[in-house]
Amino acid sequence: MLQDAFRGGKRYWILLGFWVALIVVGLAAYGRQLSEGLYITGMSQDVTWGLYISQFTFLVGVAASAVMVVLPYYLHDYKAFGKMVILGEFLAVAAVLMCGLFIVVDMGQPARVANIILHPSPNSVMFWDMLVLTGYLLLNLVIGAVTFEAERKGAPPHNWVRPLIYLSIPWAVSIHTVTAFLYSGLEARPFWMTAILAPRFLASAFSSGPSLLILMAIIIRRFTRFDAGWEAIQKLATIVVYAMVINLFFVLVELFTGLYSDMPHHLHAFEYLFVGLEGRAALVPWMWVNAALTVCAVVLLLIPGIRRQERFLAPLCVVVILAIWIEKGLAMVVTGFIPAPLGQITEYAPTAPEIAITVGVYALGFFVLTVLYKIVVNVRERLEAT
Amino acid sequence: MARWGMVIDLDRCTGCAACEVACKSENNVAAVSVEQADMGRASSWMKVMAHVEGEFPDTTMHFYPRPCMHCDNPPCIRVCPVQATYIDDEGIVGQIYARCIGCRYCANACPYMVKYFNWYGPEWSEAERQHLNPDVSVRPAGVIEKCTFCHHRLQKAREDARAEGRELREEDYQPACVDVCPTNAIIFGDLDNPSHAVHTLKDDPRVLRLMEDLGTQPKVYYLRPRD
C-alpha cells in the first residue's frame, strides 16, 4: 500500500515536483522570518494577526467538513459515500496539518512550542484548540488508515475503530467551535464577540470543505480509473448549497444586529468591510466580490438542473471556496482589529515573504494530500480490476 | 499585602510625553526607525493618547497617559496558552519573557493595547548601549513585553528598606513615569494603604477608569478634567 506513494507516472512526479518547488520558496522566506523576526510580515501592534491565522481559521473549516461524509456513511448507513469517505478523512488530515503549520509560522518563538504542553493552561482557548486539533489529526489518520487497510483486504474493519469513528463526529464539530471561541471570547473585540460566530464557522465550513471534496473527486475521476460516484458528488452538492444558505442567513442576522442597533462598536467593523472607515477601505472590493460570489453560488446551486451538470458544478464549487476564503481567510480575522479598541485605524496588507510562506504551507499540505490520494487511487484501481 | 495602583490627574497632564521617554529609558525599550514606526511597530509601554472632543473650532483636547492598567481581572492572563503572563500577590501584571511563545493572543485580548510584540530584536546605537538600565532585562525578538509598574524599582526599594531596618515608605517605590512628570499628574502607591495618596484619590468623585464596563477592574484611575 505505502509503496504506491513511491511509484507513479510522469504526471504524479511533475505534480509532486511542483509542490516541492513551492515548499522550497516558502522555506526560504520562512528562514528569513526565523532569523530576522516577524517584521517581514505586514502585521503591526494594531493588527497582530494576519494572513497566517486567517488561513488557519479557513482550514479548520475544511478539516471539520470531513464529518459531512463520515456522519451520513457511518450513522445513517448512506452507502453512496462508501468510496468518498476516505477522501474526506484524508482531506481532513492534510487540512489539520496545514492548520498546525500556520500556527507555528505565526509564532514569535516557534522553538518554544512545547511550552503549550509543559505549562498546560486550561483557562486558555488556544490550549484547548491545540488539544482538539491534535486529537482530530490522530483520529482521522487512524480511522482512515485502519478502515482503508481493511477494505483493501476485503474484510470488515476491526471493531475497536467503530467507537473512534463515532467519537470523530462530535470531535469535528468541536474543532471549529473551539476555534470560534478563540475569537468570540475576547471582550476587547466586539466584531468577534458574537455568539453566532461558532455556528457561522460551522456553516461556512460545511460549504467550503465539501466543495473542495467535490472538486477533488471530479479531478480524480477525470484523471484516474477511480470514481467516487456521481451520486456521492450530487449528495455533497446538496450539502454545500444548504450550508451556504445557512451561512448567508447567519451573516444577514449578524448584519441586522449591527445595523439596526446602530451601536458604534458593532457598526464600525461592518462599515470598514463594506464601505470603508475614515477613508480606509482595503477590504471593500473583496467584500463586494464575496457578496456577488455568495449570491451567485446560492442562486445557481439551488437550481437542480444546474447543480446536476458537472460543467456547472465544478466552477460553482470554486466560487463557493473563493467566497468562503474571502470571508474567513481574508476578512474575518483582520476586521477584528479595525478599529482598535482605543479607536485607531491601522490597515493590514500581507507582504511578499508572508505570502510566500503561506503558499509554502499550502503546498506542503497539498503534497501530503497528493501522496495520500495517490495511495487511495492505486489501491482502488487494483480492487476494481479484480 | 500591598495592592499597587496609579491615579492620573487629567487636569494636570500637559501631554509633554516626558513619562513616555522616561519609561523607554528606564525599561530599555528601543526606539524604532521612522519607517518601522509608520508600519506600527513602535513599542511604548507608557503612551500619551490625545483625546479630542467637539467639532472644530469648538474643540477641547485631553491627554490620557496610558500605562498597563494592571487589571485585577486581566483578560491577557486568561488567554495565554503557556502561562507566560501572570498577576502577582501585589496586583502587578507581569510577563515571563523566557516562556512566551509569541502567539500575540494576549495582545488581542487586551482592550488597552498595552501588550507589545517585538517584531524584531532591539537595536541600539553604541551611545545608547552605554546607557542601558542593568536592572531591566533586554527582550529578544518574538516575545510580548509590557509595563511592569517598574517592578525592579520595588525590589530595589524593598532591599534598601530591609538593609536600613525600616518599613517601605510611599516615596521609596515610584515608577519612572511618576518620578519624571513635571506637573505631578501621576500619583502612585498602595491602593489599600490609608496613608498613601492613591488610597483616598481612588474614591474621588472625579474618578473614571477606562472601559470599566468590560469588567477588567483596572488599577489605573483617571481624575476627569473639571470643566
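Modeller: Helices are DSSP runs of H or I with at least four residues, and strands are runs of E with at least two, numbered from the N terminus. The model is a predicted one. On these terms, chain B comes to eight helices and 10 strands, and B:Met113 has its place in the loop between helix H4 (105–109) and strand S6 (116–117).

Biologist: Why is B:Met113 called buried?

Modeller: A residue is buried if 20 or more other C-beta atoms lie within 10 Å of its own. B:Met113 has 20 such atoms within 10 Å, and is therefore buried.

Biologist: Why does B:Gln217 count as partly exposed?

Modeller: The class lies between the limits of 12 or fewer for exposed and 20 or more for buried. B:Gln217 has 14 C-beta neighbours inside 10 Å, so partly exposed is the class that applies. B:Gln217 also has a positive phi, near 50°, and is placed in the loop between strand S9 (207–208) and strand S10 (220–223) of chain B.

Biologist: How do you know that the radius of gyration of chain B agrees with a compact globule?

Modeller: For 227 residues, a compact globule would have a value near 17 Å; chain B has 18 Å, which agrees. The C-alpha trace of chain B spans about 55 × 45 × 40 Å along its principal axes.

Note on methods:
Residues are numbered from 1 along each chain as its sequence is written. Chains are lettered from A and ligands numbered from 1 in the order in which they are written. This is a predicted model: local features need pLDDT of at least 70, side-chain atom pairs count only at pLDDT 80 or more; totals for chains, interfaces and linings use all residues. The radius of gyration is taken over C-alpha atoms; the globule rule is 2.2 Å times the number of residues to the power 0.38.
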